[in-house]
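Could you walk me through this protein model, one piece at a time?

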Amino acid sequence: MNGMNKPIVVPIEKIETNTPSIKTFFVKVPLIAQQGNPGQFLMMWTFDDEIPMSLSYVDPKKKFVGITVKKVGTSTEKMHSMPEGSLIGVRGPYGNGFKIAGSRILVVGGGVGMACLFPLILQLIEEQKSVTVLIGALTKDELLFQKRLKKFTTRENFHLSIATDDGSTGFHGLVTELMDETLQNETFDQIYACGPELMLRTAFNIAESKNIAFQASLERYMKCGIGLCGSCCINEQIVCKDGPIFESQVLRTMNEFGHSTRDPSGRLTPITD
Ligand SMILES: Cc1cc2nc3c(=O)[nH]c(=O)nc-3n(C[C@H](O)[C@H](O)[C@H](O)COP(=O)(O)OP(=O)(O)OC[C@H]3O[C@@H](n4cnc5c(N)ncnc54)[C@H](O)[C@@H]3O)c2cc1C
Ligand code: FES
């Protein structure tokens, strides 16, 4: 296990508003910035609760990391109400991170799922891979990192497509429908995905039908973040330690993937959205 297991309390250096419900918070934590890899996460302490957040930005030189937070409940609402200079606790980095594989890459992000994919995309670009990114959101206002990614579309081997559920911009429909359409015309040797679990299950089924290697970032309720409490289990896997990134061969063995999750008391509950 790398990183720090004791939270370090740091001021929020900068806040960026990305969408009406999503903000990115930048903090200076040299150890996490130097050790953090795309797909890893940290545990963020708001002094009430501690919750997992993916690294959405890592700058080892400037020693900064960013987390991109969607407002969904008590802790994330508290985060959104904090001004620059407020203190938060962070520990990490945790989890396995994405494995870089293949040369023709498809990246599929739904909603705030783009957060953990962004550092991966930067690495893929740096390694001169051919990259196609599909971003999905409910509406055009909720598309995450569209502007940041548009900058790369001048490159020959970078493509960006957008899907919105309400059709307010781009493809009218789910990002998995856009993925299906994209795969009718093109082929890839690696697909990376992050987003709501039903979206991930559909994306995985499509990848399997096309025989393309797939890596997904999964979420489960996390308490310790370091493999001790068992709250984040999915079948035989411990998401905080064995994941959160899982490859096709492991996803195939998980009958809970896309079907059931665990509530804070560990009870299995069906996934409905
Ligand atoms: C590895 C990992 C990476 C994540 N990365 C991001 C990210 O980059 N950006 C982002 O906005 N969200 C991310 N999440 C989800 C984020 O942790 C939850 O949205 C957050 O914990 C909600 O807290 P809350 O108090 O605001 O909401 P609550 O009102 O407590 O709950 C709202 C929802 O969040 C889930 N949740 C609450 N507490 C936890 C917890 N301790 N662990 C996991 N889920 C929880 C609940 O199950 C519920 O579905 C990630 C989750 C995991 C497991
Ligand atoms: S959160 Fe405790 S084992 Fe994963």
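Let's start with an open sheet of 7 strands, which has mixed pairing and the order β11-β10-β9-β8-β12-β13-β16. Strands here are DSSP runs of E with at least two residues, helices are runs of H or I with at least four residues, and both are numbered from the N terminus. Two strands count as paired if DSSP finds at least two bridges between them. Strands of a sheet pair through backbone hydrogen bonds, either parallel or antiparallel. At the edges of this sheet are β11 (171-172) and β16 (245-247), each of which pairs on one side only.

Before going further, please note that this is a predicted model, in which local features need pLDDT of at least 70 and side-chain atom pairs count only at pLDDT 80 or more, while totals for chains, interfaces and linings use all residues. Residues are numbered from 1 along each chain as its sequence is written, chains are lettered from A and ligands numbered from 1 in the order in which they are written, and side-chain values use heavy atoms, leaving out hydrogens and water.

Now look at strand β12, residues 190-194. With strand β13 (residues 214-217), β12 pairs in the parallel sense over 4 bridges. In this pairing, Y192 stands opposite Q215 of β13, and A193 has A216 in β13 as its bridge partner. Strand β12 also pairs with β8, again in the parallel sense, over 5 bridges. There, L106 stands opposite I191 in β12.

How many of the residues of β12 are buried? The count is 5 of 5, so the strand is mostly covered, where buried means under 20% relative accessible area, exposed means over 50%, and partly exposed lies in between (1.4 Å probe, protein chains only). In a regular strand the side chains alternate between the two faces of the sheet. In β12, Q190, Y192 and C194 are on one side, I191 and A193 are on the other, and all of these are buried.

Which helices lie against these strands? Helix α3 (residues 114-126) lies across β8 (104-110), β9 (130-137), β10 (158-164), β12 and β13, and runs at about 160° to β8. Helix α5 (residues 175-185) packs on the sheet too, touching β8, β9, β10, β11 and β12, and its direction makes about 150° with that of β9. Contact means heavy atoms within 4.5 Å. The angles run from 0 to 180 degrees between N-to-C directions, with axes fitted as lines to C-alpha atoms, for helices over the stretch in contact.

Next come the salt bridges, of which the structure holds 9; a salt bridge is a side-chain nitrogen of Lys or Arg within 4 Å of a carboxyl oxygen of Asp or Glu. One of them joins D189 and R104, with the closest N and O atoms 3.4 Å apart. This pair links distant parts of the chain, 85 residues apart: D189 is in the loop between α5 and β12, and R104 is in strand β8. D189 is partly exposed at 27% relative accessible area, and R104 is partly exposed at 37%.

Another salt bridge joins E197 and R220, with 2.6 Å between the closest N and O atoms. E197 sits in helix α6 and R220 in the loop between β13 and β14 (233-234), 23 residues apart. Here E197 is buried at 10%, and R220 is buried at 6%. In the salt bridge between D263 and R267 (3.2 Å, N to O), D263 is buried at 17%, whereas R267 is exposed at 55%.

Finally, have a look at some backbone details. A cis peptide bond, with omega about 0°, joins G92 and P93, and P93 lies in strand β7 (residues 87-94). A cis peptide bond also joins G243 and P244, with omega about 10°; P244 is in the loop between α7 (239-242) and β16. K63, a residue other than glycine, has a positive phi near 70° and lies in the loop between β5 (57-59) and β6 (64-70). N211 is not a glycine either, yet has a positive phi of about 60°; N211 belongs to the loop between α6 (197-209) and β13, and is exposed at 72% relative accessible area.
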